[in-house]
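Morning, everyone. I'll take you through one protein chain today, starting from the inside. Have a look at it first.

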Amino acid sequence: MPYTSMELMICCAARELEDGKTVAVGTGLPCAAAMLAQRTHAPNLVVMFEAGGVAPLLPTMPVSVGDSTTFHKAVMATSMADVMQFCQRGMVDYTFLSGAQIDPYGNLNSTMIGGEYRKPKVRLPGSGGANDLASFCWRTLIVMKHDAKKFVEKLDFLTTPGYLTGPAARESAGLPAGTGPYRVITDLCVLDFAPDTMRMRVRSLHPGRTLEQVRAATGFELKACDPLLTTAEPTDAELTLLRTEVDPGRYILGRAVS
């Protein structure tokens, strides 16, 4: 069955979520991934929304983190303060983030591009809860379009910490040991982080993509795992669930990757 880059990325993200684990999500692709995971291999995945919905059974794709569906049959309807406290207490296994820029260590910029802080060329939305989530959740899944303007050697502004400057830098900054970026999922490949350097590397290439294409779309030196894998294509069952149950209105599936 033919599929789009968006559908492939959602399937890649869903496969990273394990049964019985907890994940803090927003709307969009992360929510679609969590819903797909629950409908396939992770029926006991506990989903949390920043606005306070904990473990809802999502009947449809919510349009915001405060949408009433994010509380549908939930075990708790609480607040942002409580959800962030769950993260701080080490109770949240996964979260999803994105950004305008990412560097080799998985640090993210969602604040500004170009110029100076008080007078940037482009002002972006800022952190929101991204810094909190990346600081305290155990594993951060980053999902974004792969191009050299986004994958940069040095950020214009550090909004959200990845591995900062390399090994032990997160811990030295006071962040919990064992936390940090886990996977970067793009429209070209899936990346992880080398345990000795904490730098990003290519883990698997999407079908039809080459390592040369990935490196050409990256603004820093990028190594690859050995062996370098090929990303598994979405199954017909996954695509059917995505199109008929997760997002039949194509709120997410109809978007271009950004």
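Start with the largest nonpolar core, which has 38 residues. Ile10, Leu17, Val23, Leu36, Leu45 and Phe96 have the most contacts inside this core. Keep in mind that this is a predicted model.

Which elements give two or more residues to this core? On the helix side, they are α1 (5-16), α2 (29-39) and α7 (236-246). On the strand side, they are β1 (22-25), β2 (46-49), β5 (94-97), β10 (139-143) and β11 (180-185).

Leaving aside neighbours within four places in sequence, Leu45 is in contact with Leu17, Glu18, Asp19, Gly20, Lys21, Val23, Ala34, Ala37 and Gln38.

How many cavities of 30 Å³ or more does the structure hold? One. The largest cavity has a volume of about 40 Å³. Among the residues lining it are Leu108, Ala134, Ile142 and Arg170. Both β10 and β11 give two or more residues to that lining. The lining divides into five nonpolar residues, four polar and one charged.

Now the backbone. Asp226 and Pro227 are joined by a cis peptide bond, with omega at about 10°. Pro227 sits in strand β14 (residues 223-230).

Is Met198 buried or partly exposed? The relative accessible area of Met198 is 21%, so this residue counts as partly exposed, since buried means under 20%.

Terms used. Residues numbered from 1 in each chain as written. Predicted model: local features only at pLDDT ≥ 70, side-chain atom pairs only at ≥ 80, totals over all residues. Heavy atoms only, no water. Core = buried A, V, L, I, M, F, W, Y, C linked by side-chain atoms within 4.5 Å. Buried < 20%, exposed > 50% of the residue type's maximum accessible area, 1.4 Å probe, protein only. Helix = DSSP H or I, 4+ residues; strand = E, 2+ residues; numbered from the N terminus. Contact = heavy atoms within 4.5 Å. 1 Å grid on protein atoms, 1.4 Å probe; cavity = no way out; pocket = protein on both sides within 12 Å on 5 of 7 lines; lining within 4 Å. Points joined across faces, edges and corners; volume = space filled by probe spheres on them. Nonpolar A, V, L, I, M, F, W, Y, C, P; charged D, E, K, R; others polar.
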